[in-house]
Amino acid sequence: SPEQIRGKPLDGRSDVYALGILAFELFTGQLPFPGKSAQETMIARLRGPPARLRDLQPELPAKLEALILRCLAIDPAERFQSMEELAEALEGVAATRALGGPFER
């Protein structure tokens with residue numbers, strides 16, 4: 001997470017960030033912050049958000065993209081504050097799909 005790169009204290013929001021990295025790769029097949037080296041990757045994580053997921057995977061629901069991008073916020077205060085909060089948001093995305101057939105876009 002960006003705070004880990006900066007040597008700041010860590011909490012559960014770093015885990016939310018890590019899950020966002022995994023989800024990004026799962027849904028797009030690409031890393032959110034590619035780099036030729038670990039150093040390039042770390043710098044990219046500090047500079048800004050990743051590419052928009054729907055640019056890489058247009059079929060991805062907008063609500064799911066927003067959820068993943070929130071997990072990857074540079075500022076921990078902008079992320080889900082706990083895995084429980086993230087789980088509730090995921091349930092909302094899943095409910096949208098259950099009610100409307102395909103994911104709402």
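This is a predicted model: local features need pLDDT of at least 70, side-chain atom pairs count only at pLDDT 80 or more; totals for chains, interfaces and linings use all residues.
Trainee: How do H2 and H5 lie to each other: roughly parallel, roughly antiparallel, roughly perpendicular or oblique?

Mentor: Start with the angle: helix H2 (residues 12-28) and helix H5 (residues 62-71) pack at about 140 degrees, their axes 7 Å apart. Roughly antiparallel would take an angle over 145, and roughly perpendicular runs from 65 to 115. So H2 is oblique to H5.

Trainee: Okay, and which residues of H5 make the contact with H2?

Mentor: H2 passes H5 in a left-handed crossing. On the H2 side, the contact comes from Val 16, Tyr 17, Gly 20, Ala 23, Phe 24 and Phe 27. Their partners on H5 are Leu 64, Ile 68 and Cys 71.

Trainee: Let's move on to Ser 1. Is Ser 1 buried or exposed?

Mentor: Ser 1 sits in the segment before helix H1 (2-5). Leaving aside neighbours within four places in sequence, Ser 1 touches Leu 10, Ser 14, Tyr 17, Arg 45 and Arg 79. The relative accessible area of Ser 1 is 9%, and the cut-off is under 20%, so Ser 1 is buried.

Trainee: What about Glu 40: how far is its C-alpha atom from that of Gly 7?

Mentor: Glu 40 belongs to helix H3 (residues 38-47) and, at 39% relative accessibility, is partly exposed. Along the chain, Glu 40 and Gly 7 are 33 residues apart.

Key
Residues are numbered from 1 along each chain as its sequence is written. Side-chain values use heavy atoms; hydrogens and water are left out. Axes are lines fitted to C-alpha atoms, for helices over the stretch in contact, and angles run from 0 to 180 degrees between N-to-C directions. Helices (H or I, at least four residues) and strands (E, at least two) are DSSP runs, numbered from the N terminus. Angles under 35 degrees count as roughly parallel, over 145 as roughly antiparallel, 65 to 115 as roughly perpendicular and the rest as oblique. A crossing is left-handed if the near helix is turned anticlockwise from the far one by less than a right angle, and right-handed if clockwise. Contact means heavy atoms within 4.5 Å. Buried means under 20% relative accessible area, exposed over 50%, partly exposed in between (1.4 Å probe, protein chains only).
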